Amino acid sequence: MATTTTSSSLLALPSFRSNRPNFKVRAQISGDKATSSVEPQMNGSVSVSNVQNPKGSEVNGTVKFQRKDEIELLWDDGYGSKSVKDYFAAAREILKKPDGGPPRWFSPVDCGQPIKDAPTLFFLPGMDGTGTGIVPHQIALGRAFHVWCLHIPVHDRTPFQGLVKIVEDVLRQEHATRPDKPIYLVGESFGGCLALAVAARNPSLDLVLILVNPATSFERSPLQPLLPILEMVPEELHFTIPYALSFIMGDPIKMASIGIDNQLPAGIKLQKLREKLTNSMLPLLSELGGIIPRETLLWKLKLLRSGAAYANSRIHAVQAEVLLLASGKDRMLPSQEESKRLYGILKNCTVRCFKENGHTLLLEDSISLLTVIKGTCKYRRSRRYDFASDFLPPSKGELDFALQELLRFLRNAVSSVFLSTMEDGTIVKGLAGVPDEGPVLLVGYHMLMGLELGPMSEAFIKEKNILFRGMAHPILYSETGSGKEFDYMDWIKVFGAYPVTATNLFKLLSSKSHVLLYPGGAREALHNRGEQYKLIWPDQQEFVRMAARFGATIVPFGTVGEDDIAELVLDYNDLMKIPFLSNYVREVTRDTKEFKLREESSGEVANQQLYLPGLLPKIPGRFYYLFGKPIHTKGRPELVKDKEAAKRVYLEAKEEVEKSIAYLLKKREEDPYRSVVDRLSYSLTHLPENDVPSFEP
């Protein structure tokens, strides 16, 4: 049977399989040693090992997991393959026999082995105490972290301060073993209070807290008046309590929705949801009585009260980095209201709201927890976040979500056409002319509102299995307010966007990445009326010398189609003439002035005011992309120091972009399927997998 190992030598703790019947594993930590007792079973045995074996070879007859140094593009994150049904199955296995003893740690076998230099993540459970509350997320988390979960036995009565000490001891041992690594604490509900209390007592530790509907607002909880009622409910009627609690704690429909494909027709999707609710969800609710018996429930409510009071009394001492996830339909706690309070108190706090979810956010249909961590730039493997080395490529599930939920309308509306130029100057369909090996620097025209980015990123991923790292204005990385949902801006970060700085460009080119850079920046993407397809580039050869330093290949490209999807009716100058709109623009612009971009530049490109222009939608036309002939800088060291030579390459790239735009504007007139109406007619008479044709290059 496979078991997990960890690079943290202090944690030689047991792993378990939730689908193996009748097994029991225990472990205790004593200094740097761990003792474990394992009961042999009819169907096999559970083994615990402290042998470090990242290569996946066989040690003492036990096969170890294969470690991969990095995560590959479009990896399988497993999100949707596990659901609340698996949570109950795992909890049932843990609670099958009275386990007794103190709280302990375990690592789910599903987590496998993480990537090289992965930090450690400790999960602190909510009221249930089982530690299985991250079941839907543990496959993904296991690739990025060494994952350990706290299990509090049903009949354990350790007081809150005792639990704080248990967590605190493990964190200090982990820090002593790997002092240069951050330590992650994921605290759900009651676990959020526990995480805050530990962080307040250990301000010197490099902690990242991920709080999921923390119970610090327990004083305002609907559960408060439930305590005296529970004390009076006879034992024989306790079976009714879990049903009542289930509708307070979570959203059964959201729980049942995990794993149901959103692309299914509405009727089939509704049928599958109905089947899950009647065949799985409702029967499982009766098991809550076994997970939280009457006496345990009374104890947990008292523990919640003391834990919330303890955490709130010390919350001002928390120095840790905090990511707070708040549900909008939490019937157990006023979580969204509490997120505003905590945002104002905690020194380094980021908030994301999930308005359609209930209290048990991690067991409900939403998005992967690792996706949220990545999209808020909270994943790091050292003391400071690095946009290049700490980036984790998107999974297949993340790509599918982005294409279906975020970009579906745009993709279907514009039906993009991609062309590229080979070394001999021949223009071909597709992206064959773009080099497969990096470093590659893509430079081109920034279409209105950056509308070209989504289809372009999809094409590179699907045709070349390449994720280019695109530039983004630094304001996208600023965190303001406590009501922000996980939105399009966060998804841009999931797909590799980085703040446009010389340092980040240096790091990405040095790592041989494909990098996307728009010399025209925000000024070009938010151009004025009459400026469509006009390059608004600076006078300085900003990127050529940097590319030459690493021998990067420069690929100029042009894009057209913005005028076929919308008409710009109100630009920056127009908005500034309208009193109430001009005040709004000034307010937004004031927030962007702290981001000092291109201070050395002059002219129009230095004026990068961010605003939302007034657009009048059109019946969609089509987007066209042409990647010009690659410009090689390898073997041309003179470009690094010779400004005149660099300027000639710069002008060559700019001219190539202008030629590409002119070519596309002319050739699109030959496209018989430029209009969305013509494309729909073609689709109705051809197989769905047939791409809609275009002009011949």
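Colleague: Where does N465 lie?

Modeller: N465 is in the loop between α15 (453-464) and β16 (469-472). Keep in mind that this is a predicted model.

Colleague: What is phi of N465?

Modeller: Phi there is near 55 degrees, a positive value in a residue other than glycine. Most residues other than glycine have a negative phi.

Colleague: And K512, what is its phi?

Modeller: Near 60 degrees for K512, again positive in a residue other than glycine. K512 sits in the loop between α17 (502-510) and β18 (514-517).

Colleague: Is K512 buried or exposed?

Modeller: K512 counts as exposed because its relative accessibility is 59%, and the cut-off for exposed is over 50%.

Colleague: Peptide bonds next. Is the one from G438 to P439 cis or trans?

Modeller: Cis, with omega near 5 degrees. P439 belongs to the loop between β14 (427-429) and β15 (440-444). Most peptide bonds are trans.

Colleague: Let's change topic to β6. Why is β6 described as largely enclosed by the rest of the structure?

Modeller: Because five of the five residues of that strand, residues 104-108, are buried.

Colleague: Which way do the residues of β6 point?

Modeller: R104, F106 and P108 point one way, W105 and S107 the other way, and all are buried. In a regular strand the side chains alternate between the two faces of the sheet.

Colleague: How many bridges join β6 to β8?

Modeller: Three, and β6 and β8 (residues 146-151) run antiparallel. W105 has L150 as its bridge partner in β8.

Colleague: Now the surface. Which residues make the nonpolar patch of about 240 Å²?

Modeller: L406, Y488 and M489 make that patch. L406 lies in helix α13, which covers residues 396-406.

Colleague: Last one. What share of the contacts with a separation of 6 or more is between residues 24 or more positions apart?

Modeller: Such residues account for 81% of those contacts in the chain.

Conventions
Residues are numbered from 1 along each chain as its sequence is written. This is a predicted model: local features need pLDDT of at least 70, side-chain atom pairs count only at pLDDT 80 or more; totals for chains, interfaces and linings use all residues. Side-chain values use heavy atoms; hydrogens and water are left out. Contact means heavy atoms within 4.5 Å. Patches are made of residues with over 30% relative accessible area and no salt bridge: like charges are joined within 9 Å, nonpolar side chains (Val, Leu, Ile, Met, Phe, Trp, Tyr) within 5 Å. Accessible areas come from the Shrake-Rupley method with a 1.4 Å probe; for residues, only the protein chains shown count as cover. A salt bridge is a side-chain nitrogen of Lys or Arg within 4 Å of a carboxyl oxygen of Asp or Glu. Helices (H or I, at least four residues) and strands (E, at least two) are DSSP runs, numbered from the N terminus. Buried means under 20% relative accessible area, exposed over 50%, partly exposed in between (1.4 Å probe, protein chains only). Two strands pair if DSSP finds at least two bridges between them.
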